[in-house]
Amino acid sequence: MESSFYNKNIIYFFAALFLFGCEMKRVSGDPSLSSSTNNDNNGSGVNNTELPAGFSNFISEYTDVYISGDYVVVESTGVPNHPSPYWGEGHSNYITPHSGMVVNPNKISQQNYKFYIPLIPSVSSSVSSTPLGPIGVSISGVPFFNQYAGPNNQPLDNEIASFDNYDGHPQQSGQYHYHWEPKYLTSNGASSMLIGYSLDGFPVYGPTEQATGQFPSDLDELNGHSHATNEYNDGTYHYHATTNSPYLIGGFKGNYGSLNGGGYFTN
Ligand SMILES: [Zn+2]
Ligand SMILES: [Zn+2]
């Protein structure tokens with residue numbers, strides 16, 4: 001009995017010494033741990049080396065998604081994963097225009113996009129209006145454009161007839177894009193699915209809610225609101241696709257990232 005009691009205490013002693021030693025080393029060995037920045041995964045539950053769950057929705061055949069510093073980088077060529085008249089006759093994905101479609105003179109061409117999306121999105125002190133050109137990216141790598149056809153907030157009205165069967169079209173330099181719900185994705189997935197990300201890091205969902213299947217009734221003027229989703233159990237601000245303007249992202253709620261290979265000049 002006595003020797004067993006003694007052995008146990010020896011074990012406790014060395015265990016305590018080991019833990020204490022580790023603690024001392026951790027605190028004294030890394031000055032950043034005692035600095036005031038205090039941003040090393042505390043409380044948020046976010047592991048900065050792992051992609052947020054929503055990014056697993058990106059289709060790997062068309063996109064490369066990885067972390068670089070404080071950003072998630074989404075690389076894509078920006079071409080659609082579906083047929084369109086804009087592939088041009090002779091292309092394997094070419095289809096004839098649907099009835100009533102007014103085909104614009106542009107053709108789909110491969111781009112070299114790198115979207116730099118904040119890894120941890122943060123609400124900005126003021127909303128930023130979106131520029132022309134790509135403002136976010138769908139899970140197939142096709143960019144989202146805003147609700148305008150060109151400078152000075154020209155409405156889309158005159159462009160809508162040029163949308164193809166899946167409601168996308170290319171602009172002058174061949175950038176294919178969606179101004180609203182990417183119907184090919186939602187018709188093959190679900191109306192409530194995560195369809196992509198805004199350049200400010202907040203996710204974009206289809207027109208209905210995952211939990212209820214209903215259309216949201218409390219969207220703000222940017223098409224957004226906050227609640228928990230399948231991908232964000234703790235809740236997040238997010239945008240929804242709507243049938244009325246602004247259709248996808250009415251402005252950046254958050255501090256936005258940047259884009260290489262795009263250009264903010266045309267729609
Ligand atoms: Zn919602
Ligand atoms: Zn357009």
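Modeller: Strands here are DSSP runs (E, at least two residues), numbered from the N terminus. This is a predicted model: local features need pLDDT of at least 70, side-chain atom pairs count only at pLDDT 80 or more, and totals for chains, interfaces and linings use all residues. Residues are numbered from 1 along each chain as its sequence is written, while chains are lettered from A and ligands numbered from 1 in the order in which they are written.

Biologist: How many bridges join S1 to S2?

Modeller: Six, between residues 63-68 and residues 71-76, running antiparallel. Two strands count as paired if DSSP finds at least two bridges between them. In the hairpin, two residues sit between the strands, and Gly69 has a positive phi near 65 degrees.

Biologist: And what order do the strands of the open sheet take?

Modeller: S1-S2-S3-S16, with antiparallel pairing. S1 and S16 (258-260) are the edge strands, each pairing on one side only. S3 (residues 113-118) and S16 share three bridges, and Lys114 stands opposite Asn260.

Biologist: New topic: which peptide bond is cis?

Modeller: Ser245 to Pro246, with omega near 15 degrees. Pro246 is in the loop between S14 (236-240) and S15 (252-254). Tyr247 lies in that loop between S14 and S15 too, and its phi is positive, near 70 degrees.

Biologist: Is Tyr247 buried or exposed?

Modeller: Buried, because 22 other C-beta atoms lie within 10 Å. The cut-offs are 20 or more for buried, 12 or fewer for exposed and partly exposed in between, with C-beta atoms placed from the backbone.

Technical notes. Helices (H or I, at least four residues) and strands (E, at least two) are DSSP runs, numbered from the N terminus.
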